[in-house]
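Here is a friendly tour of some ring contacts and a helix. Have the viewer ready as you read.

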Amino acid sequence: MQSRTPPPPGRLGRPRSAAADEAILEATRAALVDLGWSKLTLGDVATRAGVAKTTLYRRWAGKNELVVDAVAVLFDELQLPDRGSLAADIEGVVLQFAAILDRPETKTALMAVVAESTRDAPLRERIRTSIVDRQKRLVLEGRTRAERRGELPAAPDPHVAAATADLIFDVAAGAVVHRTLVSAEPVDAEWVRRFTALLLGGLAAASG
C-alpha cells in the first residue's frame with residue numbers, strides 16, 4: 001500500500017511525523033462524526049488537522065485507506081487483561097471491545113468502511129490486514145496464557161491451533177459487533193458473562 005511503503009533508497013524526503021499522523025487520524029474520526037462518509041473529504045481532514053493536503057496524499061492513497069487506519073488505531077488500544085482466569089480475561093477484553101465500538105467515531109467509521117468494502121476488494125483486504133489480523137493477537141495471547149495456567153491443553157498441531165484461533169476471533173468479534181452496532185443492545189457485565197460461558201463451552205468441546 002502506498003501509505004505504508006517507505007521511500008526507496010536515495011530518495012530525499014521529510015521523515016513522517018508521529019504527531020502529524022495522530023492529528024490526521026483524530027481529525028478523520030471527528031470529520032466522520034460531523035459530516036458522515038459521503039461528505040468527508042481529504043481537504044476537510046487536512047484543514048482540521050492543520051496540515052497541507054499534500055501531506056495526506058503522501059501518507060494515504062485516498063479516503064478509504066485513511067478511514068481504515070483511523071479506525072485501526074482505536075482497536076490497537078485493546079489489551080488482554082490478566083485477571084487470573086481465562087474466563088475473566090475474556091470478559092475483560094470483550095468489555096473493552098464493546099466500549100470502543102460504542103464510541104460515535106468508531107460506529108460511524110466502521111459501519112461506513114464495511115459498507116464501502118462490499119464493492120471494493122482492496123478495501124476489504126486493508127480492513128483484514130489493518131484491523132482483523134492485528135487483533136487476532138488477543139486470541140493467541142489468551143490461548144498461550146491459558147495453557148500456562150493449565151486451563152487448556154497445549155495445541156498439538158499449529159495449523160489446527162491457528163484455525164481454532166480464527167474461529168474464536170470470528171465468533172467473539174461477530175457477536176459483539178452485531179449486538180453493539182446492529183441490534184443496538186447493551187454489552188453489559190451479565191451479557192458478557194453468559195457469552196463467555198458459551199464461548200468457553202465451545203472451546204472445551206473443540207479442544208476435546
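Predicted model: local features only at pLDDT ≥ 70, side-chain atom pairs only at ≥ 80, totals over all residues.

## Aromatic pairs

A pair of aromatic rings is described by the distance of the centres and the angle of the planes. The structure has two such pairs. Phe75 and Phe97 are both buried.

Trp191 and Phe195 make a stacked pair, at 5.2 Å centre to centre and 5° between the planes. Trp191 and Phe195 are about one helical turn apart, because four residues separate them in helix H10 (residues 189–207). Both Trp191 and Phe195 are buried.

## A charge over a ring

If you turn to Trp37, you will find Lys63 over its face, 4.7 Å from the ring centre.

## Helix H1

How does the span of H1 compare with what its 18 residues should give? Helix H1 (residues 18–35) should span 26 Å at 1.5 Å a residue, and its end C-alpha atoms lie 25 Å apart, which agrees.

The buried residues of H1 include Ala20, Ile24, Leu25 and Leu32, and also Asp21 and Arg29. Among the elements covering the buried residues of H1 are helix H2 (42–49), helix H3 (53–59), H4 and helix H6 (104–117). After H1 comes Gly36, with a positive phi near 85°.

Note on methods
Residues numbered from 1 in each chain as written. Heavy atoms only, no water. Phe/Tyr/Trp six-rings, centres within 6.5 Å; stacked < 30°, edge-to-face > 60°. Buried < 20%, exposed > 50% of the residue type's maximum accessible area, 1.4 Å probe, protein only. Helix = DSSP H or I, 4+ residues; strand = E, 2+ residues; numbered from the N terminus. Lys NZ or Arg CZ within 6 Å of the ring centre and 35° of its normal. Expected span 1.5 Å × (residues − 1). Contact = heavy atoms within 4.5 Å.
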